[in-house]
Amino acid sequence: MASDESEQHGKTTRLLILVVEDASLVAMFLEDVLEDFGHQMLGPYSRVDAALTAAEAEDFDVAILDVNVNGQAIFPVADAIAARGIPFIFSTGYGQKSLPEKYRPRPTLDKPFLPGDVEAVLAKLGETLKA
């Protein structure tokens, strides 16, 4: 795992989280939220090609993927991350039902989301990471 130990917000693990997001305000919001919860952001990546390179080469614990990045679908990046066995979360303004069937079981943050939404989805993933 790419994480360090931390005790912030009751968390025992500091996660390195790959973020793919083309909206700069959302990316800055995520960076602040993740730091507040004791995690570190890798990125943000605002292009699918750059995100795919990072997804294949970088060491990280979890990813948060905007579904539509500058008009391109994020699914090649999601597939690369899944092939590595790394958990990921979709971020979308279109709802989970807009995802292709094979991705619907994945955790989703529905835009607009609040800090507590990010914390909750990471906590659920944390339970999976510990199992």
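Asp79 counts as partly exposed at 34% relative accessibility, where buried means under 20% relative accessible area, exposed over 50%, and partly exposed in between, with a 1.4 Å probe and protein chains only. This residue forms a salt bridge with Lys102, the closest N and O atoms being 3.4 Å apart, a salt bridge being a side-chain nitrogen of Lys or Arg within 4 Å of a carboxyl oxygen of Asp or Glu. The pair links distant parts of the chain, since Asp79 belongs to helix H3 and Lys102 to the loop between E8 and E9, 23 residues apart; Lys102 itself is exposed, with a relative accessible area of 59%.

The structure is a predicted model, in which local features need pLDDT of at least 70 and side-chain atom pairs count only at pLDDT 80 or more, whereas totals for chains, interfaces and linings use all residues. Residues are numbered from 1 along each chain as its sequence is written, and side-chain values use heavy atoms, with hydrogens and water left out.

The protein contains four helices and nine strands, which follow one another from the N terminus in the order β-β-β-α-β-α-β-β-β-α-β-β-α; helices (H or I, at least four residues) and strands (E, at least two) are DSSP runs, numbered from the N terminus. Of the 131 residues, 44% are buried. Among contacts with a separation of 6 or more, 61% are between residues 24 or more positions apart, a contact meaning heavy atoms within 4.5 Å.

The largest nonpolar core has 25 residues, of which Leu18, Leu65, Ile74, Ile81 and Phe90 touch the most other members; such a core is a set of buried Ala, Val, Leu, Ile, Met, Phe, Trp, Tyr and Cys residues joined through side-chain atoms within 4.5 Å. Two or more residues of this core come from each of strand E3 (16–20), E4, H2, E5, helix H3 (75–83) and strand E8 (88–92), and H3 supplies the largest share, five residues. A second, separate core of 17 residues includes Leu15, Leu34, Ile64 and Phe113. Beyond residues up to four places away in sequence, Leu65 touches Val20, Ile74, Val77, Ala78, Ile81, Phe88, Ile89, Phe90 and Ser91.

Tyr45, in strand E4 (residues 40–45), is buried with a relative accessible area of 18%. Residues up to four places away in sequence aside, its contacts include Leu18, Val19, Val20 and Glu21 as well as Ala50, Ala51, Ala54 and Glu58. The C-alpha atoms of Tyr45 and Glu21 are 6.1 Å apart, although 24 residues separate the two in sequence.

A search of the whole structure finds five salt bridges. In one of them, Glu21 pairs with Lys111, the closest N and O atoms being 3.1 Å apart; Glu21 lies in the loop between E3 and helix H1 (24–36) and Lys111 in the loop between strand E9 (108–110) and helix H4 (115–130), so the pair ties together parts that are 90 residues apart in sequence. Glu21 is buried, with a relative accessible area of 2%, whereas Lys111 is partly exposed at 25%. Salt bridges that share partners join Glu21, Asp66 and Lys111 into one network.

Asp61, found in the loop between helix H2 (48–57) and strand E5 (62–66), is buried yet has no salt bridge, the nearest side chain of opposite charge, Arg14, being 8.4 Å away; for charge, Lys and Arg count as positive and Asp and Glu as negative, while His and the chain ends are not counted. The side chain of Asp61 does, however, reach the backbone nitrogen of Leu16 at 2.8 Å.

Key: A polar contact is a pair of N or O atoms within 3.5 Å; within protein, one must be able to donate a hydrogen and the other to accept it, and residues adjacent in sequence count only if both atoms are side-chain atoms.
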